[in-house]
Amino acid sequence: MTQTSENVTWLTQEAYNKLKEELEYLTGPARTEISAKIAAAREEGDLRENGGYHAAKEEQGKQELRVRQLTQLLESAKVGEAPAAGGEVAPGMVVTIAFDGDEDDTLDFLLASREYASSDIETYSPQSPLGSGVIGHKVGDDAEYELPNGKMASVRILKAEPYNG
């Protein structure tokens with residue numbers, strides 16, 4: 001199966017290892033724990049009015065969804081080094097843009113998979129309209145991307161530096 005660049009997620013080795021550890025925990029010890037919770041709640045009797053049972057089943061569903069997400073992410077992941085500080089916008093970079101070239105109207109964001117998202121900086125996926133519009137451009141370039149209403153927006157790349165989060 002060949003993969004297009006649109007469904008590949010670039011990860012550093014550290015990020016890949018962290019996600020793999022989470023997957024191993026969720027498919028091992030966490031599954032055992034949730035099974036034990038469900039079994040204990042089942043022993044309490046009537047399942048129709050058993051809040052503990054329903055909560056445990058809901059938790060199990062969320063856990064299994066996360067397992068599927070991680071499995072898909074890791075299967076499509078390409079492991080590589082963090083981008084070099086060459087001034088070209090690439091995944092793993094903190095990008096500063098100016099809307100319509102107005103340097104008073106700027107945005108700093110991390111161009112990365114949502115797995116990197118943190119409260120420290122806004123994160124845009126490389127597949128998002130803004131992300132795909134700026135990727136590959138260099139500092140000083142103007143770039144365009146399509147807004148949800150179908151109109152085009154213009155931005156100027158002011159900075160592109162590797163993320164050191």
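**Legends to the close-up views**

**View 1. Glu14, Lys18 and Glu21 are exposed residues carried by the face of helix H1 that is turned away from its buried side.** The model is a predicted one, in which local features need pLDDT of at least 70 and side-chain atom pairs count only at pLDDT 80 or more, whereas totals for chains, interfaces and linings use all residues. Residues are numbered from 1 along each chain as its sequence is written, and side-chain values use heavy atoms, with hydrogens and water left out. Here a residue is called buried under 20% relative accessible area, exposed over 50%, and partly exposed in between (1.4 Å probe, protein chains only). Helices (H or I, at least four residues) and strands (E, at least two) are DSSP runs, numbered from the N terminus. H1 covers residues 13-27, and its 15 residues reach 21 Å from the first C-alpha to the last, close to the 21 Å expected at 1.5 Å a residue; the expected span is 1.5 Å times one less than the number of residues. Its buried residues are Ala15, Leu19, Leu23 and Leu26. Seen down the axis of H1, these buried residues fall within an arc of 70 degrees, so they line one face of the helix, the arc being that of the directions from the helix axis to the C-beta atoms.

**View 2. Tyr25, which has its place in helix H1, is partly exposed.** The relative accessibility of Tyr25 is 40%. When residues up to four places away in sequence are not counted, Tyr25 touches Ala30 and Glu33, where contact means heavy atoms within 4.5 Å. Tyr25 and Val67 are 42 residues apart in sequence, and their C-alpha atoms are 9.7 Å apart in space. Val67 is one of the buried residues of helix H3.

**View 3. Asn50 caps the N-terminal end of helix H3.** A side-chain oxygen of Asn50 lies 3.2 Å from the backbone nitrogen of Gly52. Polar contacts are pairs of N or O atoms within 3.5 Å; within protein, one atom must be able to donate a hydrogen and the other to accept it, and residues adjacent in sequence count only if both atoms are side-chain atoms. H3 comprises residues 51-75, and these 25 residues reach 36 Å from the first C-alpha to the last, close to the 36 Å expected at 1.5 Å a residue. Buried in H3 are Tyr53, Ala56, Gln63, Val67, Leu70, Leu73 and Leu74.

**View 4. Five strands form an open sheet with mixed pairing, in the order S5-S4-S3-S7-S6.** Strand S5 (123-124) and strand S6 (142-146) stand at the edges with a single partner strand each, so one side of each is left without a neighbour in the sheet. Two strands are taken to pair if DSSP finds at least two bridges between them. S6 runs antiparallel to strand S7 (residues 152-162) and is joined to S7 by five bridges, with Tyr145 standing opposite Ala153 in S7. Strand S3 (residues 93-99) and strand S4 (residues 106-111) also run antiparallel, joined by six bridges, and Thr96 stands opposite Asp108 in S4. The hairpin of S3 and S4 has six residues between the strands, and in this hairpin Asp100 takes a positive phi near 50 degrees. S4 and S5, by contrast, pair in the parallel sense over two bridges, and Leu111 has Tyr124 in S5 as its bridge partner.

**View 5. Ser125 and Ser128 lie in the loop between strand S5 and helix H4.** Helix H4 covers residues 129-134. Ser125 is buried, with a relative accessible area of 14%, and Ser128 likewise counts as buried at 14% relative accessibility. The side chains of Ser125 and Gln127 are joined by a polar contact of 2.7 Å. The side chain of Ser128 reaches the backbone oxygen of Ser125 at 2.7 Å and the backbone nitrogen of Gly131 at 2.9 Å.

**View 6. The whole chain has four helices and seven strands.** From the N terminus on, the elements run β-α-α-α-β-β-β-β-α-β-β. Of the 165 residues in the chain, 30% are buried. Among contacts with a separation of 6 or more, 50% are between residues 24 or more positions apart. The accessible surface of the chain comes to about 10400 Å², of which 48% belongs to carbon and sulfur atoms; accessible areas come from the Shrake-Rupley method with a 1.4 Å probe, and for residues only the protein chains shown count as cover.
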